[in-house]
Amino acid sequence: METPTSLLIVTAAATIFLVAAYGLSSMQLEANALLNSGWWCDHTNTTLDHCRWPGVFCNGDGSVIQIIYPPQKCTTGANIGKFNFSSFPNLIRLNLGYGGLYGSIPFQIGQLSNLSFLNLAPNYLTGELPLSLANLTQLTELDISKNQINGSIPQELGSLKNLVHLDLSNNHLVGQIPSSIGLLANLTSLVISSNNLLGPIPSSIGNLTKLNFLYLGSTFSSEAGSIPLELMQLNQLRYLDLSHNQLSGVISPEIGAMVNLLHLDLSSNQLTGPIPIHITNCSGLEYLSLSNNNLNGSIPYQAGNFAFLKTLDLSLNLISGEIPFSIGNFLNLLDLDLSHNFLFGNVPTHLPHSYLQHLSLSHNKLNGIIPSQISNLDALLTLDLSHNWISGEIPLVIGNMRLWHLDLSHNNLYGRIPNSLPHFNWSYINLQFNSLQGQIPEHLWPFHEQLVGNKDLCYDNLNIKGEFKDFQPCFASHRVEDVLHYLKIFLPIIMFLAFFVIGFLFLHKRKIKNCKDQPRSIKNGDIFSIWNYDGRIAYEDIIKATENFNGKYCIGVGAHGNVYKAQLSINKIVALKKLHHSKAENLVNEVEVLTRIRHKNIVKLYGFCLHRRSMFLIYEYMEKGSLFHALRNDTEAMELNWNIRVKIIKDIAFAVSYLHHGCNPPIVHRDISSKNILLNLELKAFVSDFGLARLLDPDSSNQTTMAGTYGYMAPELAYTIVMTEKCDVYSFGVVALELLMGTHPGEFLSSSLTQNIMLNELLDSRLAPPSNDIDVQDIIFVATIAFSCLCATPKSRPTMEFLSQDFLSRKKPLAKPLHT
């Protein structure tokens, strides 16, 4: 087999023979080669004065030393094979970029022994890289990027030891990066991104000590192994991109040696472990992206060393903990994305405010309120705090900001939408699924679809009723003229009634002496209160809707009273829990608890009534009824597939975690059971029935009233009547197991054979066994946490906050997952 060198010798000899045979000078050969290429259509009949052709440059002897593909091309799509490279022995620079060239790179290109610059990008070149490229030993710059080259990278390229810049990106190269790449000791820029290569990254790349730019993003089509430690020795690197590969392992602390880095992108890989503290030694970084990996741990406090950072992206990881205060040191920061992690704590008030334009903290576990200091971010254009546990009202100061993208959806925000929110610069606003109430400002009507999930929002223009099908009309006029008109009519009447009431109270002061401390005592007559509704429901409406609590409207019977369905109007259906008179004290307690509870997985309380004849609560109506009945009806149970059952358990966990850890003081439910889990039409779960709830004083554990449902009560309640959060945890474990089994666990809870039973033997036989990996892993995960909740010792049970964090982080199960 002939070697590339021998082939070149034969080709050169043939060229010499032609020169001798036809008496052509080397300059004539160059002119003919230019003419025959067809690339200079203005010179189709003559080769005279070819050194003056556009894009052609000659030396003093008239020999071509530089060719740039002519800017005025005759046609696009020329075949590179038509160009006779062997006719240009003195060529130093060849730039055929943007020529629309196709075909394979000719083997004869290797005869250009004096070539120092070769650019073939971008074009439509195909085929493999010719081995003859290895003969271009004078090359300092080689760019064949943005073509359709296939095949592998030849080992022979390692002979191009004068190369300073090598770009093979955006092709269809396969195979591995040859180890000979490490012989290119003068390289300062290496770009092989966007190919279909196989890993790993060769360790010999650590020999390229002069390298400033290394771009290997989207280089590998399969697992690429870990980042070689040798790469960390390249302390002259300024730009490093290893993104969108399948790199695994941890980020080595050795990365701190790359002190000259300005740009570091390790995003979209499979990296694990914590963010190494040593990375903060790269204090000159301006761009840092570690997003879309499996990194855990917390954000290092030393991150404040990145004084020049402009972009920080840590999104789509498993990072937890609070956002460190030192993040406020990023005085030049433009973009901050910490979304899709497990960060908790308050929304930080110490954000850099000079230049920050884009801030995303969505899909975390942040709580507290939106701080008013957010308005200090003068340059902010995008604010995304969605999918957190943020509560409180939307601060008015947001209306003073220049935002064009605002997303506060899926939180626990309440109160009215501020009228100060500007309406002239929004390109996107989303306030969905909160507990906002009141009238929708007119300038936000175009965004009404981004306000759904706030059941207490309303509109006051009946002409737009068809567009606002998700909201109720306000039925109120807020015009000043109307207010003044009604004041003139009713003010004298109100004043007369006020004097009458004062006189009445004076005559009966002994009966009301204790009302100051107990304003809701049922001994003082009737109390009727409605909030978060239209404010027009009266006791008589309730009696009429239920025909005085006729049994045909009864949809449930409980220890504390019966539950009735009441249709108050065409679009208003509520659930009424009519309580026994002996439970009046529980009723007052439940109202006090529920007025402070705002969570998307807790049944909403609309109001209450204390009346001489009857006492009842007015709840949001849940169409699917209780989980207890759903599991005991084969048809409804079949609707609850494995995916839905896991989501129901997740919803319950978040709701109970909110009661325990999101309320101050914490609240113990005391009666978590499948009968107190309600389902709506979308089969989402809601925790209900706080008739037995008590506020748990953090300084006291004296909860001395026995409560709960048999079969769900924690075992310690057999010898103590002290109710703690861990009693709720046990009850949650029973409900979770009930969902997996399709029936109450019963004697299984105390069975001594528990450790020897396979999990797949416990699953609800009415459903097909889980077949896909996601369902299998979810069920194993739920079973694992369920059994952890059923520990006989309360202290050994996890907290609900820990469980909800587990649901978010989706920790992997133990080594023997199918055993209970």
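Is S289 buried or exposed? In this predicted model, S289 counts as buried because its relative accessibility is 2% (buried means under 20% relative accessible area, exposed over 50% and partly exposed in between, with a 1.4 Å probe and protein chains only). S289 sits in strand β14, residues 287-289 (strands are DSSP runs of E with at least two residues, helices are runs of H or I with at least four, and both are numbered from the N terminus). Apart from neighbours within four places in sequence, S289 is in contact with L264, D265, L266, S267 and D313, where contact means heavy atoms within 4.5 Å.

Residues are numbered from 1 along each chain as its sequence is written, and side-chain values use heavy atoms, with hydrogens and water left out. Because the model is predicted, local features need pLDDT of at least 70 and side-chain atom pairs count only at pLDDT 80 or more, while totals for chains, interfaces and linings use all residues.

The protein chain contains eleven helices and 40 strands. Of its 820 residues, 49% are buried. Among contacts between residues at least 6 apart in sequence, 51% join residues at least 24 apart. The accessible surface comes to about 39000 Å², with 54% belonging to carbon and sulfur atoms (Shrake-Rupley method with a 1.4 Å probe; for residues, only the protein chains shown count as cover).

On that surface, L491, I494, M495, F499 and I502 make a nonpolar patch of about 530 Å². Patches are made of residues with over 30% relative accessible area and no salt bridge, with like charges joined within 9 Å and nonpolar side chains (Val, Leu, Ile, Met, Phe, Trp, Tyr) within 5 Å. L491 belongs to helix α3, residues 480-507, and counts as partly exposed because its relative accessibility is 41%. K577, in strand β33 (residues 572-579), is by contrast buried, at 7% relative accessibility. The unreviewed UniProt entry annotates K577 as "binding site"; UniProt positions follow the numbering used here, feature names are shortened, and annotations may be inferred rather than shown by experiment.

Eleven aromatic pairs are found in the whole structure. Rings of Phe, Tyr and Trp (its six-membered ring) pair if their centres lie within 6.5 Å; planes under 30 degrees apart count as stacked, over 60 as edge-to-face and the rest as tilted. The W40 and W53 rings have centres 6.1 Å apart and planes at 40°, so this pair is tilted. Both residues lie in the loop between α2 and β1, so the pair ties together parts 13 residues apart in sequence. W40 is buried at 4% relative accessibility, and W53 is buried at 2%. Ring pairs also link W39, W40, W53, Y69, F83, F85 and F88 into a cluster.

Ten salt bridges are found in the whole structure, each a side-chain nitrogen of Lys or Arg within 4 Å of a carboxyl oxygen of Asp or Glu. In one of them, R766 meets D634 with the closest N and O atoms 3.0 Å apart. This pair links distant parts of the chain, with R766 in the loop between α9 and α10 and D634 in helix α7, 132 residues apart. R766 is partly exposed at 23%, whereas D634 is exposed at 51% relative accessibility. D634 and R766 also join R645 and D764 in a network of salt bridges. Another bridge connects R797 and E716, at 2.7 Å between the closest N and O atoms, and both of these residues are buried.
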